[in-house]
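Here's a quick look at one model, with a few helices and residues picked out along the way. Have the sequence and the coordinates open as you read.

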Amino acid sequence: MSLTLSVALFAGCALIIGLVGTRLTGVVDTLADRTGMGEAIAGAVLMGMATSLSGIVLSVTAAWKGQPELAMSNAVGGIAVQTLFLTVADVALRRINLEHAAASIGNLAQGTLLMCLLGLLLVASFSPEWTLWSIHPVTPILLLGYVYGLRIIDEVR
């Protein structure tokens, strides 16, 4: 595939994601209201899951092909880039106040959960390289920590 075709395909996919993402925001907001789960949980679970699908596929594929650094850098880099885009949105869109939304108890709890999970990854990177059935011991802790963290976030809101 030529470079021009690849760039055009990428641009087309990005445009589609941008258009559908705008609609997704409204659908998730409606679901948050109708289910009573709240915007913080709906954003974290529903929008987070939907917008992370491409990154999940990339990370799993990279891990499957024996490229663990690519898999991890994709996940952590995705968080960093999304944070950068929030900063750009906060500067560009003066009619909304992202600092106020960030200070909500649900979003503060989510940020705390994210720091805890990233901290576990950091601990794992300095721990001995041993596994049980080819799974690092921190892996199930991350999964359980995320599920438990969502439960706590739901309770604090």
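## Met72

Met72 sits in helix α3, where helices are DSSP runs (H or I, at least four residues) numbered from the N terminus. With 39% relative accessibility, Met72 falls into the partly exposed class; buried means under 20% relative accessible area and exposed over 50%, with partly exposed in between (1.4 Å probe, protein chains only). Between the C-alpha atoms of Met72 and Ile17 there are 23 Å, and the two residues are 55 apart along the chain.

All of this comes from a predicted model, so local features need pLDDT of at least 70 and side-chain atom pairs pLDDT 80 or more, while totals for chains, interfaces and linings use all residues. Numbering starts from 1 along each chain as its sequence is written, and side-chain values use heavy atoms, leaving out hydrogens and water.

## Helix α2 and its kink

Helix α2 covers residues 39-64 and has a kink of about 55° centred on Leu53. That bend is the angle between axes fitted to the seven residues ending at a residue and the seven starting there. Just after α2, Gly66 has a positive phi of about 80°.

Ala40, Ile41, Ala42, Ser59 and Ala62 are buried in α2. The buried residues of this helix pack against α1 (3-35), α3 (68-92), α5 (105-126) and α6 (138-156). Take Ser59: its relative accessible area is 15%, and it touches Ala71, Asn74 and Ala75, leaving aside residues up to four places away in sequence. Contact here means heavy atoms within 4.5 Å.

## α2 against α6

How do α2 and α6 cross? Their axes come within 9 Å, at roughly 155°. Axes are lines fitted to C-alpha atoms, for helices over the stretch in contact, and angles run from 0 to 180 degrees between N-to-C directions. The pair is therefore roughly antiparallel; that label goes to angles over 145 degrees, with under 35 roughly parallel, 65 to 115 roughly perpendicular and the rest oblique.

Ile41, Ala44 and Val45 of α2 meet Tyr146, Leu150, Ile153 and Asp154 of α6. By class that gives six nonpolar, no polar and one charged, where Ala, Val, Leu, Ile, Met, Phe, Trp, Tyr, Cys and Pro count as nonpolar, Asp, Glu, Lys and Arg as charged, and the others, Gly among them, as polar.

## α1 against α2

α1 and α2 pack at about 140°, their axes 9 Å apart. That makes α1 oblique to α2. The contact has eight nonpolar, three polar and two charged residues.

Note on methods
Helices (H or I, at least four residues) and strands (E, at least two) are DSSP runs, numbered from the N terminus.
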